[in-house]
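Please look over the sequence and the structure below before reading on.

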Amino acid sequence: MQEFQQRFNSGSLKFDDVKNRYGASDKPVFPMWVADTDFPPPEMVNHGLSRFLSSHFGYQQLAVTAAVSQWHWRRGEYIDESSIVDCCSIIAAMGIALESLTRPGDKVGIFIPSYGPFFAVTEKTQRKVCPLTLDISDGNVHIDLSSLPDDLSAVLLCNPHNPTGRLWQRDELEALAEWCTQRNIPLICDEVHRGFIAEGNEFVSLTSIGEAYQNNIIVLQSPSKSYNLAHVPAAAYAIIFNQQWRDAVRAAITRSHLFAGALARQALVLAYDELNDLWLQTMEEKISENRALLTGLLHNSSLLACIPQSTFFLWLDLRDYLNHVAPGSAADYLFKCTGIAANDGADFRAPGFVRLNFATSGEVIKHVGELLLTISSNK
């Protein structure tokens with residue numbers, strides 16, 4: 001674990017902000033919270049950005065639509081370049097879409113649990129969060145369309161789901177898209193974690209479920225997670241088939257100067273190069289090995305809320321253990337007991353759970369798995 005330990009005092013938020021967020025520990029610390037992998041990005045990205053920074057400092061004109069369209073085409077998804085709108089971040093694009101396509105006070109459906117900034121951006125745009133509870137009771141994760149209120153003005157979705165790692169199946173996506181289409185409201189889907197799919201599973205993009213739903217869907221994506229480019233960050237983009245919606249979103253991005261900068265666009269173009277497809281496949285295999293190892297270790301433990309089909313996250317249920325300790329967050333309890341720094345479930349509107357980032361070395365995963373089992377045995 002020497003390489004892992006060397007990331008402390010390196011300027012890494014994931015490692016060097018642990019003490020500030022979780023406090024001091026008398027145990028070895030394992031930063032496994034923010035969605036940042038312990039693997040460097042492709043060499044092509046490193047070298048390409050270095051060259052770019054050595055010579056370009058003025059205004060740049062660099063399109064990303066061709067690179068985006070080709071990346072999706074290599075994955076069997078046919079996206080016309082005219083449907084692509086770049087932006088500085090996925091959350092910025094989500095906020096712009098809500099502001100452009102809904103009105104202040106409108107209800108926005110967000111599945112619980114979900115990525116924390118979904119709630120923040122909805123509230124910042126003066127829309128009302130309408131929690132849509134996911135069923136995780138049987139070890140899997142399900143959407144109950146019958147529980148969705150008819151007065152929603154938009155629905156936000158993660159696919160793959162952050163934090164549970166659930167992959168929504170084609171029939172589920174079609175049913176949700178049909179529900180939104182019947183009400184003529186946008187289904188806005190964040191697909192940023194699609195890079196790491198467990199063996200035996202298939203990712204289905206919302207863009208590929210059929211033309212009948214295209215006018216009511218917006219897909220948000222960025223290479224920042226799959227290629228570990230959060231610090232650059234790489235350009236994000238929205239895929240919007242509805243021309244009226246696309247024009248409105250593009251105009252709002254331009255008005256607010258939320259378009260992607262030249263360095264971010266360059267990072268996207270470099271990352272999405274076909275030569276990096278093998279690199280991404282190798283990363284996916286590493287993540288899959290870690291996922292299998294960790295879920296295997298915890299298979300008989302009540303900590304494992306569900307088996308992730310994708311992402312580099314594990315959703316752990318600590319509610320039974322928190323009943324025996326003083327009030328506090330699940331993440332605080334986990335850190336105090338083990339030195340493992342994870343995201344607290346309250347940030348996803350699910351207190352008592354934690355999200356664990358296992359995008360690290362197999363050696364670290366084995367050690368962390370053993371530490372988690374000590375909690376399970378102390379129930």
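## Terms and basis

In what follows, Ala, Val, Leu, Ile, Met, Phe, Trp, Tyr, Cys and Pro count as nonpolar, Asp, Glu, Lys and Arg as charged, and the others, Gly among them, as polar. This is a predicted model, in which local features need pLDDT of at least 70 and side-chain atom pairs count only at pLDDT 80 or more, while totals for chains, interfaces and linings use all residues. Residues are numbered from 1 along each chain as its sequence is written, and side-chain values use heavy atoms, with hydrogens and water left out.

## The second largest pocket

A pocket is an open set of points on a 1 Å grid over the protein atoms alone, where a 1.4 Å probe fits and protein lies on both sides within 12 Å along at least five of seven lines; its lining residues have an atom within 4 Å of a point. The second largest pocket has a volume of about 370 Å³, a volume being the space filled by probe spheres set on the points, which are joined across faces, edges and corners. Of its 18 lining residues, Arg 75, Glu 77, Arg 194, Ile 197 and Phe 203 are the closest to the centre.

By class, this lining holds 5 nonpolar, 6 polar and 7 charged residues. Helix α11 (residues 277-297) gives the largest share of it, 4 residues; helices (H or I, at least four residues) and strands (E, at least two) are DSSP runs, numbered from the N terminus.

## The seven-stranded sheet

An open sheet of 7 strands, with mixed pairing, has the order β2-β8-β7-β6-β5-β3-β4, where two strands pair if DSSP finds at least two bridges between them. Its edge strands, β2 (84-87) and β4 (128-133), each pair on one side only.

Strands β6 (residues 187-190) and β7 (residues 217-221) run parallel and are joined by 4 bridges, and Cys 189 stands opposite Val 219 in β7.

## The three-stranded sheet

Another open sheet, of 3 strands, has the order β9-β12-β11 with antiparallel pairing, and its edge strands are β9 (313-317) and β11 (343-344). Between β9 and strand β12 (residues 353-357), which run antiparallel, there are 5 bridges, and Trp 315 stands opposite Arg 355 in β12.

## The chain as a whole

The secondary structure of the chain comes to 14 helices and 12 strands. The C-alpha trace spans about 55 × 55 × 40 Å along its principal axes.
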